[in-house]
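Work through the exercises below with the sequence and the structure at hand, and try each task before reading its solution.

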Amino acid sequence: LVGIILALSMHPQLEILDLQGSGMGRNGCVALATLVRWRTTKLHTLHLGDNDIDDEGVEHLTLALANSRHLRMLALSSNSSITIRGWRALSALLEAPSSNLQQLLLARNGIGDEGVVAFASALTKNRALKKLSLYKNPSITAGGWAALSKLLCDATSVNKTFLSNHTLQDLVRPYRLPSDLVSSLNLNSSEAGRNQIAMIKILKHHNDFDLQPLFEWDFKVLPFVISWLEAASICPTNFEKNIRRRKLSSIYQFVRDMPMMYIEFAQVVVEWYLGKKYWKNSNELSLCVDSRSQQRNFCITEIPPMIEEILPFSFTPQTGVPDLFDLDYLVFA
């Protein structure tokens, strides 16, 4: 077999290689690693199931495949000699920035929770893998599935939910999976784009947004939060989105923690809004105000259509801008 693998070096255009059940073992992996690294630069499908491959063999292969930009499918099913050492080596392949692997088949390998956790960690920033076959790996328990659930939807914060994996779609496991994991897999499999999938997960798992980490940008970030919620209002879901309540909750957090800043921000927004809508002589307004002995700069370039939802008052060209703001409007709206 080693001789056959070396002979394949005469075919640099090789795209599919099926060596399933050929008993290649460790020596075959070493030879194949050399071939993959230097010769078969266009290889996109590699079948290596049922080959007595062990940890050292996997390590040789993953090092060779780390820079492969063409590989789309790798099958390593029925290689039960591979232990957690080999699975950790393989997980490094999933972390490689150059990896475009879309299918990884690992059925009947005795993989346990430790291996699944390694894969989940490696897939945190992976945007390519869609199919991870864990078929007939009965040692995986609730702990392993929980790691994958958190990978697909980390609900500990809005930011972590947004940064979750929205690409993995299929685990190829016929047994019963946790409902939250099934829900995330189904959502990732939908026709929605990655940003919309992230949006749906955020709406589903965060009734109220914790905006405290964003306060360092003062009110500059509030229009973007409101705009995001308006975009989310047309996002198709099978649950109630409560967009208006979320908007008011987000605004209230800013008003509660920075009331004076809110008044200053509202004044800027009104001047920008009137100038753009009625005077038509300004596309951008930058206003510096002095608050608590610190200069703050608000640069408003785009205000969401529902401007009345942001401000605690209503105004017209006839009445102008009120001098005082009724903050109770926000609390009881």
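This is a predicted model: local features need pLDDT of at least 70, side-chain atom pairs count only at pLDDT 80 or more; totals for chains, interfaces and linings use all residues.

**Exercise 1: Placing a threonine**

Solution. As for its place in the chain, Thr 141 lies in the loop that runs between β5 (131-133) and α6 (142-152).

**Exercise 2: Two cysteines**

Decide whether Cys 29 is buried or exposed, do likewise for Cys 153, and then find how many disulfides there are.

Solution. Cys 29 is buried, because its relative accessibility is 0%. Cys 153, with a relative accessible area of 11%, is buried as well. With sulfur atoms required to be within 2.5 Å, the count of disulfides is zero.

**Exercise 3: The nonpolar cores**

Find which residues have the most contacts inside the largest nonpolar core, and which element gives this core its largest share.

Solution. The largest nonpolar core holds 52 residues, and those with the most contacts inside it are Leu 32, Leu 48, Leu 74, Leu 90 and Leu 171. The largest share, six residues, comes from α2. Leaving aside residues up to four places away in sequence, Leu 48 touches several residues, including Leu 19, Leu 32, Ile 53 and Leu 74. A second, separate core has 14 residues, among them Ala 192 and Met 199.

Conventions:
Residues are numbered from 1 along each chain as its sequence is written. Side-chain values use heavy atoms; hydrogens and water are left out. Helices (H or I, at least four residues) and strands (E, at least two) are DSSP runs, numbered from the N terminus. Buried means under 20% relative accessible area, exposed over 50%, partly exposed in between (1.4 Å probe, protein chains only). A nonpolar core is a set of buried Ala, Val, Leu, Ile, Met, Phe, Trp, Tyr and Cys residues joined through side-chain atoms within 4.5 Å. Contact means heavy atoms within 4.5 Å.
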